Amino acid sequence: MIVHLSVYLLTNLPAPLFIRLYEPIVNSLMDRVANEAFSPSGLHKLVPAKDSLQHFEMNVKGALHCLTSLLESDEDMIDLQLTAKSNAKKENRTLPLESHDNVEMVLEEYARQLNSILLEIDYMLSRVQSKQDMLALSLDAYRNRMIRMNLYLTIGGISLAFGTAVAGFFGMNVINGMEHAEGIFECVVAGSCLFGGGFLGACYSYLNGSR
Amino acid sequence: MATSITSSTQQSLKDDILPTTIPPSDINDTYAVAIITPNSDNKNIKLSNQRLSIQQIVEQLPGTHARDFFSLSLTSLGDASRKRKMIRQHYSVRNSIHPWFILPRESEIVMSFGCVRAIINQESAMIFDAHKPTIKQQAMRISDQLMRKDRFAFRDGEIIFHNNGKNGKQQTNKTPFEIDMVEQCIASVCTMYSRRIRYV
């Protein structure tokens, strides 16, 4: 119920305000979009999820970068130990390099956790991306099918146009000298039909790649 | 001006952003701050919500630089009120990326980690933007975690116990407050992110 409500909010309201739990939303979205593969609205549903995931990814990357840059600097890790540093200062000594081991362990642990979260975000993003690619391919295939249909109808129309053009010429009430010729009507009809049919056949074979 | 409260999940989160005691002219220079202070025995943690001016904050934290406050980009109570009004009147998508840093200074640690913006020293920690309910909740969680008698963590395949009790059998060397605080701030953000992604 909650998941359905989340998906409703996701698809009907601006994204970054509402997407907070990613895994169930992405899973539910994948199922819904798969069922509506030929609907252009499917693409629109994926975009907010992807945007929000990318925003989340940037935040996690920022956190990870912050921890790794701290881990790379021994001086900063030593400086984090304020109590030890002030005690050492009172005794007029400096903290040894290995004194930051405890801080390093803590930071490494959370850097690992963030890294794991980042991997999961990458996985979800790649799932959303592949679904988006699949939807785009489906829509391309659907568009190509419509274009092909349109082309067939045009070829058919041109083929018929040959016959109608000849009929138009001979239908004019103008003396052409062939009005009383024996068998000329059958020849003209058969010729125009053959020409139209030939054009149709040639186009069809060209489209199917036999030529 | 200051309202002292003991850390507990039972605490009410309801708190007016604009207190009636602060004159409107001072609101632009007043910041809501959650202050976490360990008691002298380090067994109890006191959490208090205060409204401090930038001058009072700087006086309490002498080791910080002025540019640290620019980096923290704190929101005063006046700005918070204006933002709330703006959001009510015009919808705007929150697409800002948090600044991330942990800067050790002479006697303080300045950190902005996710939604937590804090300045930590040996005796106390200030968590800023405490006018937001989420920050208040985070501050309460952090103080609760700091107060727990028995804690353990997995590190490098080892179970490390932090036992603050008198009768604890396994007791590690006591972690200084500032390190504990930094760890809890990072841990709270990691837990929040983990819950968002994994739905557990």
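**Reading the two chains**

Modeller: Leu64(A) is partly exposed, with 19 other C-beta atoms within 10 Å. A residue is termed buried if 20 or more other C-beta atoms lie within 10 Å of its own, exposed if 12 or fewer, and partly exposed in between, the C-beta atoms being placed from the backbone. The model is predicted: local features need pLDDT of at least 70 and side-chain atom pairs count only at pLDDT 80 or more, while totals for chains, interfaces and linings use all residues. Residues are numbered from 1 along each chain as its sequence is written, and chains are lettered from A and ligands numbered from 1 in the order in which they are written.

Colleague: Where is Leu64(A) placed, and which residues does Leu64(A) touch?

Modeller: Its place is in helix H3 of chain A; helices (H or I, at least four residues) and strands (E, at least two) are DSSP runs, numbered from the N terminus. Two residues are in contact if their C-beta atoms, placed from the backbone, lie within 7 Å. Leaving aside residues up to four places away in sequence, Leu64(A) touches Ala111(A), Leu114(A), Asn115(A) and Leu118(A). His100(A), 36 residues from Leu64(A) in sequence, is 19 Å away in space, C-alpha to C-alpha.

Colleague: What does the secondary structure of chain A come to?

Modeller: Chain A has 7 helices and 0 strands, in the order α-α-α-α-α-α-α from the N terminus on. Of the 211 residues in chain A, 20% are buried. Among contacts in chain A with a separation of 6 or more, 66% are between residues 24 or more positions apart.

Colleague: At what angle do the axes of H6(A) and H5(B) cross?

Modeller: Axes are lines fitted to C-alpha atoms, for helices over the stretch in contact, and angles run from 0 to 180 degrees between N-to-C directions. The axes of H6(A) and helix H5 (residues 177–198) of chain B come within 10 Å and cross at roughly 15°. H6(A) is therefore roughly parallel to H5(B); angles under 35 degrees count as roughly parallel, over 145 as roughly antiparallel, 65 to 115 as roughly perpendicular and the rest as oblique. Residues of H6(A) in this contact include Val103(A), Tyr110(A) and Ile117(A), and those of H5(B) include Ile179(B), Ile186(B) and Tyr193(B). The contact of H6(A) with H5(B) has 12 nonpolar, 2 polar and 2 charged residues.

Colleague: How does H4(B) lie relative to H5(B)?

Modeller: The axes of helix H4 (residues 133–147) of chain B and H5(B) come within 10 Å, crossing at roughly 130°. H4(B) and H5(B) are therefore oblique to each other.

Colleague: Which way do the residues of E6(B) point?

Modeller: In a regular strand the side chains alternate between the two faces of the sheet. From E6(B), Val116(B), Ala118(B) and Ile120(B) point one way, and Arg117(B) and Ile119(B) the other way. Strand E6 (residues 116–120) of chain B is mostly covered, with 5 of its 5 residues buried.

Colleague: Which strands pair with E6(B)?

Modeller: Two strands pair if DSSP finds at least two bridges between them. Strand E5 (residues 109–113) of chain B runs antiparallel to E6(B), joined by 5 bridges, and Met111(B) stands opposite Ala118(B). Strand E7 (residues 125–127) of chain B also pairs with E6(B) in the antiparallel sense, over 3 bridges, with Ile120(B) opposite Ala125(B).

How values were computed: Ala, Val, Leu, Ile, Met, Phe, Trp, Tyr, Cys and Pro count as nonpolar, Asp, Glu, Lys and Arg as charged, and the others, Gly among them, as polar.
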